[in-house]
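Dear colleague,

I am handing over the structure that follows, and below it I set out what was found. Please read the notes with the model open beside them.

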Amino acid sequence: MKQAQRQWKSILSAAVLAACAATVAAVSAADAASPTRKIAVPVSINALMVTLIDHSAHHIWDYEALERDLSEEEWRIVEYFGIQLAAAGPLLTLGGSGPLDDTWAGSEQWTNYSQALSNAAMLAMDAARNKSKDLLTSAGDALLTTCLGCHGAFKPETPTEGIMHNPEYDHLYHLFEKDTAAD
Ligand code: HEC
């Protein structure tokens with residue numbers, strides 16, 4: 001290949017690469033903006049409350065109630081459940097498959113409570129990262145205030161889908177019955 005040809009070829013491939021990169025960037029920007037990319041939440045807020053939110057929160061409260069220092073492994077568990085609960089806040093704002101879920105998710109007050117839930121969960125994550133029982137107590141209190149506040153504002157007397165906090169399920173997460181007097 002002659003020198004000039006070789007140069008032209010490499011200029012060309014650089015141009016093709018640049019064009020590809022631009023196309024990829026444009027496509028992902030379009031994808032991100034496209035409403036067709038949104039995924040409807042396929043489960044109900046009632047189900048999420050019992051299996052995700054109540055479940056994660058009880059782990060955090062149970063570790064908070066222990067009257068001793070937590071081990072490395074236990075702090076890690078607090079952190080994991082804190083992360084799950086922190087992510088549950090935004091998830092709640094997406095609505096769900098329950099009869100009232102989208103109505104609730106459309107309310108500003110609902111968004112504020114969901115944000116407060118995330119904030120309280122992030123406190124639990126901070127507590128875990130700093131191994132601070134004091135912070136964990138604040139996180140547990142902030143969590144409880146948020147649950148009660150949102151329930152006072154929105155929760156019907158009977159769950160819309162009949163899914164309740166199940167005492168049997170309790171055994172999964174009340175791990176420390178022997179260690180603590182707290183319920
Ligand atoms: C953003 C509002 C909101 C927050 C925050 C919230 N909940 Fe709920 N929760 C609800 C609503 C609304 C229902 C009723 C769902 C239904 O009936 O469809 C519910 C239902 C439940 C239920 C099942 C019904 C029952 O009576 O057993 C449990 C358990 C529950 N929540 C636990 C919690 C816990 C624990 C927290 C805090 C860590 C919490 N929730 C935070 C709105 C909220």
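Does K131 count as buried, exposed or partly exposed, and why? K131 counts as partly exposed because it has 15 C-beta neighbours inside 10 Å; a residue is called buried if 20 or more other C-beta atoms lie within 10 Å of its own, exposed if 12 or fewer, and partly exposed in between, with C-beta atoms placed from the backbone. K131 sits in the loop between α5 and α6, and its phi is near 50°, a positive value in a residue other than glycine.

Two points on conventions come before the rest. This is a predicted model, in which local features need pLDDT of at least 70 and side-chain atom pairs count only at pLDDT 80 or more, whereas totals for chains, interfaces and linings use all residues. Residues are numbered from 1 along each chain as its sequence is written.

The protein contains 7 helices and 0 strands, where helices (H or I, at least four residues) and strands (E, at least two) are DSSP runs numbered from the N terminus. Of its 183 residues, 23% count as buried. Among contacts between residues at least 6 apart in sequence, 77% join residues at least 24 apart, a contact being two residues whose C-beta atoms, placed from the backbone, lie within 7 Å.

Helix α3 covers residues 72–92, which is 21 residues, and reaches 30 Å from its first C-alpha to its last, close to the 30 Å expected at 1.5 Å a residue (the expected span is 1.5 Å times one less than the number of residues). Its buried residues are V78, F81, G82, L85, G89 and L92. Seen down the axis of α3, these fall within an arc of 110°, so they line one face of the helix; the arc is that of the directions from the helix axis to the C-beta atoms. On the other side of α3, E72, E73 and R76 are exposed, while the cover over its buried residues includes α2 (45–65), α5 (108–130) and α6 (133–154).

The ligand is surrounded by 28 residues, of which the closest are N46, M49, C147, C150 and T160; a residue is near a molecule if its C-beta atom, placed from the backbone, lies within 6 Å of it. The elements giving two or more residues to this shell are α2, α5 and α6, and the largest share, 7 residues, comes from α2.

With kind regards
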